[in-house]
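Subject: Structure handover, with notes on helix packing and pockets

Dear colleague,

I am passing on the structure below, and would be glad if you could read the notes that follow with it open beside you.

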Amino acid sequence: MLNELILRLLELEHEPEEKEKVYKAIEKKGVDRKTADLMAREYYKAWEAKTEEEQEAADEAALKLEIRRRALEKARDLGWITYEDERGGVEFEQFSPAGEDFLFYIHGDEDLVKGVVEYARDWDPEEHVEMWVQAKTNSDNPNRNSIPSIRTLVNDADEIVEMLETLSDALVDVKAEVEEQWYD
């Protein structure tokens, strides 16, 4: 249904009143006008394409753009700060309950949702705690006294696991929702 509305935008280029109605229908689907226009441009490129393969690639690019936009929006809703770089990579940052400035990075050439899911699945709380224990017991570390107790570190690592699982699950849901709207 969403893709049909985006196509309708292109058809109504010289009919502003009708185009406004389509924008409102698109906004009800959770897509802002700027993104709708970006998606319409991707479709226009596909229409100009000479091969079906190029058209499919343009459709896929528009879908990925919408999934990425909505996934980052959801991450921010969950309290994550996101930084996008010029290569398309994204850094996710959030403070843990014990106050650790926890962050991770997904490269721009990766599927954003898949990258977050894999990071959450592979993150090792024991390894994380061991790193902090080593820092706490290192006599050369001038900040070792500011590192919390081992019990606090263990509890905090468990909370970080929850933070990552919540983010991962939410982004998987967003991706499924966008794909359902896209192909509906």
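Helices (H or I, at least four residues) and strands (E, at least two) are DSSP runs, numbered from the N terminus. Please keep in mind that this is a predicted model, in which local features need pLDDT of at least 70 and side-chain atom pairs count only at pLDDT 80 or more, while totals for chains, interfaces and linings use all residues. Residues are numbered from 1 along each chain as its sequence is written, and side-chain values use heavy atoms, with hydrogens and water left out.

Pockets first. A pocket is an open set of points, on a 1 Å grid over the protein atoms alone, where a 1.4 Å probe fits, with protein on both sides within 12 Å along at least five of seven lines, and its lining residues have an atom within 4 Å of a point. A volume is the space filled by probe spheres set on the points, which are joined across faces, edges and corners.

The largest pocket holds about 250 Å³ of space, and among its 14 lining residues the closest to the centre are Lys64, Ile67, Arg68, Asp111 and Leu112. H4, helix H5 (112-122) and H7 each give two or more residues to this lining, with the largest share, 6 residues, coming from H4. By class, the lining has 5 nonpolar, 1 polar and 8 charged residues, where Ala, Val, Leu, Ile, Met, Phe, Trp, Tyr, Cys and Pro count as nonpolar, Asp, Glu, Lys and Arg as charged, and the others, Gly among them, as polar.

The second largest pocket has a volume of about 180 Å³, and its lining includes Lys34, Thr35 and Glu84. Here too H4 gives the most, with 5 residues, and the lining divides into 3 nonpolar, 1 polar and 5 charged residues.

Now the packing of the helices. H4 (residues 52-77) and H7 (residues 150-183) pack at an angle of about 140°, with their axes 9 Å apart; axes are lines fitted to C-alpha atoms, for helices over the stretch in contact (heavy atoms within 4.5 Å), and angles run from 0 to 180 degrees between N-to-C directions. The residues of the contact of H4 with H7 divide into 12 nonpolar, 1 polar and 8 charged.

Helix H6 (residues 125-137) also packs with H7, at an angle of about 145° and with the axes 9 Å apart. That contact has 10 nonpolar, 1 polar and no charged residues.

With best wishes
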